[in-house]
Amino acid sequence: MIDIKFLRENPEVVKENIKKKFEDHKLVLVDEVLELDKRNREIKVEVQSMKAEVNQASKQIGALMKAGKKDEAMAAKDEIARHKGRITELETEEKQVEEEIQKRMMVIPQIIDPSVPIGKDDSENVEVERFGEPVVPDFEIPYHTQIMDRFGGIDLDAAGRVAGNGFYYLIGDIARLHSAVISYARDFMINRGFTYVVPPFMIRSNVVTGVMSFDEMDAMMYKIEGEDLYLIGTSEHSMIGRFIDQIIPEEQLPLTLTSYSPCFRKEKGSHGIEERGVYRIHQFEKQEMIVVCRPEESPMWFNKLWQNTVDLFRSMEIPVRTLECCSGDLADLKVKSLDVEAWSPRQKKYFEVGSCSNLGDAQARRLKIRVRDEEGRKYLAHTLNNTVVAPPRMLIAFLENHLQEDGSVTIPEVLRPYMGGTEVLIPKK
RNA sequence: GGAGACGUAGCGAAGUGGUCAUAACGCGGCGCACUCGAAAUGCGUUUAUCGGCUUAACACCGGUACAAGGGUUCGAAUCCCUUCGUCUCCGCCA
């Protein structure tokens with residue numbers, strides 16, 4: 001969401017940005033907003049001056065009533081009644097016009113960072129850098145559920161009967177590995193100066209509509225029946241929700257937080273739940289990081305954030321690469337975005353394990369997250385978020401990369417303290 | 001879940017139909033004075049948002065906001081309705 005004042009003064013910049021994102025059908029919205037905005041301000045001028053008159057008259061009535069001059073008071077009442085109809089009329093139009101403006105502003109994309117590569121869709125995303133050697137072993141790597149199964153580590157059949165497709169039971173060593181990764185990731189971020197937070201796992205509808213569009217909400221969010229509550233799709237929802245309508249003192253910035261939560265997603269969108277296994281599921285757990293900072297610092301934090309994820313994966317000896325989202329694949333609220341992908345020796349390609357985004361002031365504008373500086377001036381914060389790690393999916397990369405020819409799985413040194421010192425998992429079958 | 005009380009500035013709190021809502025009073029913050037300095041004291045200052053005007057402004061003019069939404073009224077913090085939240089007691093419960 002961009003600033004309407006910016007659009008008013010720089011319509012060509014906004015249009016140019018829309019073209020860069022290959023969303024030409026939205027070009028017309030810019031001119032529509034300009035026109036609606038003009039009308040909206042005309043209405044405001046008229047309504048406000050009328051209200052000023054009515055307020056004046058009301059004060060007079062009070063004085064006249066006190067003075068016992070009833071006739072004059074009645075005359076003033078008529079005066080007000082004449083204005084009232086017109087005010088109601090104008091206010092109705094004002095409300096409509098503002099809704100129309102809002103509707104358009106919500107879909108006009110954020111001005112993207114100049115460094116974002118131009119491209120139509122995800123096929124034009126750009127690999128930035130590889131970290132670690134993508135190894136393909138000379139023995140066959142089975143599908144991840146098969147690897148888990150050898151350890152008696154997964155029961156999808158029962159999960160299907162109990163909760164349906166898209167759920168899982170993780171069992172024994174695999175379940176322990178899952179928890180170990182989360183705990184290790186938590187401490188990893190704490191050691192890098194982030195503050196650990198456990199947020200609410202359900203949020204109210206007003207927070208939901210604040211943090212996402214209706215379409216996203218419909219495709220992702222589970223609603224609690226009979227309550228005004230939704231299960232979060234990521235802890236970003238409740239973490240950012242914490243700052244809605246808040247004015248943060250500048251000296252508290254940057255807020256660097258790492259949160260844990262289970263995540264619930266309908267996955268109703270284009271992909272759906274097709275693959276068997278734990279790649280795309282209705283419920284998973286995730287360690288997240290979010291940053292609220294001063295505008296000039298957000299590019300610096302963006303680079304620090306994705307680097308954290310890369311470092312975490314490298315510390316567990318998993319090869320990764322970074323893939324930058326091109327303009328056409330970038331969500332409308334984002335200024336810049338980069339995926340961290342882990343190497344899959346089975347598929348012989350990289351797959352997404354995390355996503356790092358700089359939202360600029362777009363999220364802050366929508367949610368009214370402001371900062372007050374020492375002089376008392378207020379401005380919108382910049383917000384960023386990134387996945388630290390989402391274990392069920394990352395376990396795929398973990399198991400595939402650490403599987404030995406004899407069927408055992410080695411545990412990287414950093415994870416051993418969280419696994420009771422275990423150095424290697426021995427299959428049961 | 002039941003009963004009661006409550007929701008007003010950073011905090012506490014007055015205002016219960018009009019002419020003090022930026023809002024009494026107190027605390028805190030900021031500035032100034034006194035002091036070698038500090039404390040104490042004294043004086044002053046301290047909401048957000050939108051529109052207009054202006055080259056521009058945290059200057060000026062005006063609109064809106066007393067948990068949120070709606071209603072009654074010429075006029076609502078105050079009266080009525082709905083929702084949300086907080087506290088106390090009871091019930092239930094990891």
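Before I describe the packing, let me say that two residues are in contact if their C-beta atoms, placed from the backbone, lie within 7 Å. This is a predicted model, in which local features need pLDDT of at least 70 and side-chain atom pairs count only at pLDDT 80 or more, while totals for chains, interfaces and linings use all residues. Residues are numbered from 1 along each chain as its sequence is written.

Helices (H or I, at least four residues) and strands (E, at least two) are DSSP runs, numbered from the N terminus, and two strands pair if DSSP finds at least two bridges between them. The eight strands of an open sheet follow the order β1-β9-β10-β11-β14-β8-β7-β2, with mixed pairing. Because β1 (126-131) and β2 (195-197) each have a single partner strand, they stand at the edges, and one side of each is left without a neighbour in the sheet.

Within the sheet, strand β8 (residues 283-293) and strand β14 (residues 382-389) run antiparallel and are joined by seven bridges; V291 has L384 in β14 as its bridge partner.

Turning to the helices, α11 (residues 298-315) lies across β1, β8, β9 (320-324), β10 (336-344), β11 (349-358) and β14, and runs at about 5° to β14, where axes are lines fitted to C-alpha atoms, for helices over the stretch in contact, and angles run from 0 to 180 degrees between N-to-C directions. Helix α13 also packs on the sheet, touching β8, β10, β11 and β14.

Finally, L177, H178, V181 and I182 in α7 meet P391, P392, M394 and L395 in α13.

Note on methods: Chains lettered and ligands numbered in written order.
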